[in-house]
Amino acid sequence: MENRLFGQTDIGKARDNNEDAFLAEPIGGSSLLLAVVIDGVGGYEGGEVAAAIAQTCIRKSLAGLDRENILPALITAIRNANQEIFTHKSQDPALDKMACVLTLVVADPEQNQFYYAHVGDTRLYLLRDKALVKITQDQSFVGFLEDSGRLTEAAAMQHPKRNEINQALGLEETDRLRNDFIETGQSPFLPGDLLLLCSDGLTDRIDKEKITALLDQDHLPAMAQALIDAANAAGGHDNITVVLVKNDKIPAQHQPEKPVAKQEALVSVPSPSPVPFTKNPVKVVRNRGWVVLLLLLSAGLLSLSGWLYRQLELIQHQVRPLAPVYENPWQPVQPGLDTLKKPLRDSVYYTDSVAKPLKPHGKRSVR
């Protein structure tokens, strides 16, 4: 079982007590695996008591879990734990500030699935093919800044408000909880995958790259101890809790093979059968009216174009008579004028100084 599921907690180097708790066990002897990391809040006694109440309540709520309604069962278990903590602290004024945060996972290696529910700033990671992915989102101001990209991981680890959380179990009655109080989800859990649940005592001390390197081992207890040792070496300012779940089925291995050359098969295509002769062939009816109309229109346009062209030629070659110019036949033409003048009539009548009948006078040529 240690190669499939293992959990470990450590008090750290700065605390006098351990307010963390965890669960790492099969559910009712079935193949379902239960993993929980709980981080208590509220002082020397309060946080430890809240974590213990949540641990007991969740184990009891999920004792008879089956595969049919896993996510609703996880939500019910957390809501029951919230109510138990709230009721207990309302009866003891010394525990008035106690609460806890947690991450809860039910893994089903046979079906290659895992289910989770989460409240607070404990975390769930998935390691697949040596790549570590953060699954849950921190329900805190600094966690929101980090998850949204406004803060780097290094800056979030050093932020003075990194331990201030927005939501926790036991702060108010269950009936008054918001619908988004519990973060839930479901994802494939493939052969070779590894789940890491941890408290902020680990992630506040070592970064994602360091965690990934420490998970590159064969045995879960060795991984857990390496993570705790690294957090303590970095200061150990808080309790450190780690739960590991592994799908230990062997991943399928496919040997690459050279592709076989494609062989083209000769396929005989049968020749089409002859069409039998029929005495009454199908008649194709064509609309000839439009064809005749188009031919007539084309002929008319050609005739009109020829007539217009002929008229244009006649106009261009027509000789126009010169306009007559009136002149005095007795006034000689001034030399040097290049002009042509013709009389209006064949004869011009003139009157002598002596009154007598008019007599004709011959034309006078223009010199």
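This is a predicted model: local features need pLDDT of at least 70, side-chain atom pairs count only at pLDDT 80 or more; totals for chains, interfaces and linings use all residues.
## Helix α7

The expected span of a helix is 1.5 Å times one less than its number of residues. Helix α7 covers residues 220–233, 14 residues in total, and its first and last C-alpha atoms lie 20 Å apart, close to the 20 Å expected. After α7 comes Gly235, which has a positive phi near 135°.

Which residues of α7 are buried? They are Leu220, Met223, Ala224, Ala226, Leu227, Ile228, Ala230, Ala231 and Asn232. The cover over these buried residues includes the strands β1 (5–10), β9 (194–198) and β10 (240–246), along with the helices α5 and α6 (208–214).

## Cavities

Now for the empty space inside. Rolling a probe the size of a water molecule over the atoms shows where such space is left. Here the count is three cavities of 30 Å³ or more, and the largest cavity holds about 110 Å³.

## Lining of the largest cavity

What surrounds the largest cavity? Its lining is made of 14 residues, and those nearest the centre are Arg123, Asp138, Glu146, Arg162 and Asp204. Sorted by class, the lining has seven charged, four polar and three nonpolar residues.

Three helices each supply at least two residues of this lining: α3 (141–147), α4 (153–158) and α5 (200–203). Helix α3 gives the most, with three residues.

Methods: Residues are numbered from 1 along each chain as its sequence is written. Side-chain values use heavy atoms; hydrogens and water are left out. On a 1 Å grid over the protein atoms alone, a cavity is a set of points where a 1.4 Å probe fits but cannot get out, and a pocket is an open set with protein on both sides within 12 Å along at least five of seven lines; lining residues have an atom within 4 Å of a point. Grid points are joined across faces, edges and corners, and a volume is the space filled by probe spheres set on the points. Helices (H or I, at least four residues) and strands (E, at least two) are DSSP runs, numbered from the N terminus. Ala, Val, Leu, Ile, Met, Phe, Trp, Tyr, Cys and Pro count as nonpolar, Asp, Glu, Lys and Arg as charged, and the others, Gly among them, as polar. Buried means under 20% relative accessible area, exposed over 50%, partly exposed in between (1.4 Å probe, protein chains only). Contact means heavy atoms within 4.5 Å.
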